[in-house]
Amino acid sequence: MSPLHFSFYSAFTLSSLGLAFHRTHLISALLCLESMMLSMFIPLSIWPIENQTPSFTLTPILMLAFSTCEAGTGLAMLVASTRTHGSDHLHNLNLLQC
């Protein structure tokens, strides 16, 4: 395994561990999700260049579009929960009371 691949795998692993263990604020969960998407976007951008396959050049752009939609939805949820509950703590949010 090359050091480049190891850094991508470790970045994804660390961000998923951050998402699993630091669930106090919604903004920290959103940042962990964005770092997971970024750690997947960079290898998907480099992979067609390394393999010289032009058919996979659209995949990172589609992933970036979905990541943008996810970030916008997450920030809208953050603003809505902050306005209704007064903070972005995840323990204040209960989906069963909706």
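1. L58, I61, L62 and F66 form a nonpolar surface patch of about 450 Å². Such patches join nonpolar side chains (Val, Leu, Ile, Met, Phe, Trp, Tyr) within 5 Å, from residues with over 30% relative accessible area and no salt bridge. I61 belongs to helix α3 (residues 59-85) and is exposed, at a relative accessible area of 54%; exposed means over 50%, and buried under 20% (1.4 Å probe, protein chains only).

2. This is a predicted model, in which local features need pLDDT of at least 70, side-chain atom pairs count only at pLDDT 80 or more, and totals for chains, interfaces and linings use all residues. Residues are numbered from 1 along each chain as its sequence is written, and side-chain values use heavy atoms, with hydrogens and water left out.

3. Helix α1 (residues 3-21) contains S15, which counts as buried at 6% relative accessibility. Apart from neighbours within four places in sequence, S15 contacts C32, S35 and M36, contact meaning heavy atoms within 4.5 Å.

4. Just after α2, Q52 has a positive phi of about 55°.

5. An unreviewed UniProt entry annotates residues 6-22, 29-49 and 61-80 as "transmembrane region"; such annotations may be inferred rather than shown by experiment. In the model, residues 6-22 are 94% helix and 0% strand, while residues 61-80 are 100% helix, with end C-alpha atoms 29 Å apart.

How values were computed. Patches are made of residues with over 30% relative accessible area and no salt bridge: like charges are joined within 9 Å, nonpolar side chains (Val, Leu, Ile, Met, Phe, Trp, Tyr) within 5 Å. Accessible areas come from the Shrake-Rupley method with a 1.4 Å probe; for residues, only the protein chains shown count as cover. A salt bridge is a side-chain nitrogen of Lys or Arg within 4 Å of a carboxyl oxygen of Asp or Glu. Helices (H or I, at least four residues) and strands (E, at least two) are DSSP runs, numbered from the N terminus.
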